[in-house]
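Me: I would like to learn how to read a structure such as this one, feature by feature. Please show it and start with a single residue.

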Amino acid sequence: MRWQQTDKLDGLKTRGNASMNITNTQELKQALRAGPYAWPGGYPTFFLAADGEPLCHKCVRRGFKSVLWEMHKPKQGDMFRVIAHEINYEDAALHCAHCEEPIESAYGEEQ
Ligand SMILES: [Zn+2]
């Protein structure tokens, strides 16, 4: 997979601007295959669910069937309906809504 906006990445620091929409199974698989770091640049990525909550790669991989199910049969209260794959530039307080593990950020904190 190629990140679509490579030429803009360095200039963007706002969460959400470098997102890639996920609207079907193929895009979801591509994002999972790409792994939790964007290429190029190695920026940490996460998934955004339809309810506005972030989900980590681990949870989306584990909940893959739920993600697919909710994607095809959307209803209110879905927690796993992934709508985008995004880069976390500087939100050091970002946590996965499911497992509550912190989601790594590129510039948010010193590791
Ligand atoms: Zn998680």
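Reply: Start with V82. Two residues are in contact if their C-beta atoms, placed from the backbone, lie within 7 Å. Leaving aside residues up to four places away in sequence, V82 touches I22, L28, F47, A49, L55, V60, V67 and M71. The model is a predicted one, in which local features need pLDDT of at least 70, side-chain atom pairs count only at pLDDT 80 or more, and totals for chains, interfaces and linings use all residues. Residues are numbered from 1 along each chain as its sequence is written.

Me: How far can the prediction be trusted, and where is pLDDT under 50?

Reply: pLDDT is the predictor's confidence in each residue, from 0 to 100. Where it is low, the predicted coordinates should not be read in detail. Here the chain has a mean pLDDT of 85, with 81% of its residues at 70 or more. Over residues 1-16 pLDDT stays under 50, and the model has 19 contacts beyond four places in sequence for them.

Me: How many helices and strands are in the chain, and what pattern does the chain follow along the sequence?

Reply: Helices (H or I, at least four residues) and strands (E, at least two) are DSSP runs, numbered from the N terminus. This chain has 3 helices and 4 strands. Along the sequence they follow the pattern β-α-β-β-α-α-β. Among contacts with a separation of 6 or more, 59% come from residues 24 or more positions apart.

Me: In what order do the 4 strands form the sheet?

Reply: Strands of a sheet pair through backbone hydrogen bonds, either parallel or antiparallel. Two strands count as paired if DSSP finds at least two bridges between them. In this model the 4 strands form an open sheet in the order β1-β4-β2-β3, with antiparallel pairing. β1 (20-21) and β3 (54-55) stand at the edges with a single partner strand each, so one side of each has no neighbour in the sheet.

Me: Which residues stand opposite each other along these pairings?

Reply: Take the pairs in turn. β1 and β4 (residues 82-87) are joined antiparallel by 2 bridges; M20 stands opposite H85, and N21 stands opposite A84. Between β2 and β4, also antiparallel, there are 5 bridges. There, F47 has H85 as its bridge partner, and L48 has A84. β2 and β3 pair antiparallel over 2 bridges, with F47 opposite L55. The hairpin of β2 and β3 has 4 residues between the strands, and in it G52 takes a positive phi near 90°.

Me: Is β2 mostly covered or uncovered?

Reply: A residue is buried if 20 or more other C-beta atoms lie within 10 Å of its own, exposed if 12 or fewer, and partly exposed in between, with C-beta atoms placed from the backbone. β2 is mostly covered, as 5 of its 5 residues are buried. T45, F47 and A49 point one way from the strand and F46 and L48 the other way, all of them buried. For the chain of 111 residues, 24% count as buried.

Me: Which residues have the most contacts inside the largest nonpolar core?

Reply: In soluble globular proteins, nonpolar side chains tend to be buried together. A nonpolar core is a set of buried Ala, Val, Leu, Ile, Met, Phe, Trp, Tyr and Cys residues joined through C-beta atoms within 7 Å. The largest here has 16 residues, and F47, A49, L55, V60 and V82 have the most contacts inside it. Two or more residues come from each of β2 (45-49), α2 (57-62) and α3 (64-72). β2 gives the most, with 4 residues.

Me: What about H57 and W69: is each buried or partly exposed?

Reply: H57 is found in helix α2. H57 is buried because 20 other C-beta atoms lie within 10 Å. Residues up to four places away in sequence aside, H57 touches G35 and P36. H57 and Y37 are 20 residues apart along the chain, and their C-alpha atoms are separated by 9.8 Å. W69 lies in helix α3 and is partly exposed, because 14 other C-beta atoms lie within 10 Å. From W69 to F80 the C-alpha to C-alpha distance is 8.8 Å, and the two are 11 residues apart in sequence.
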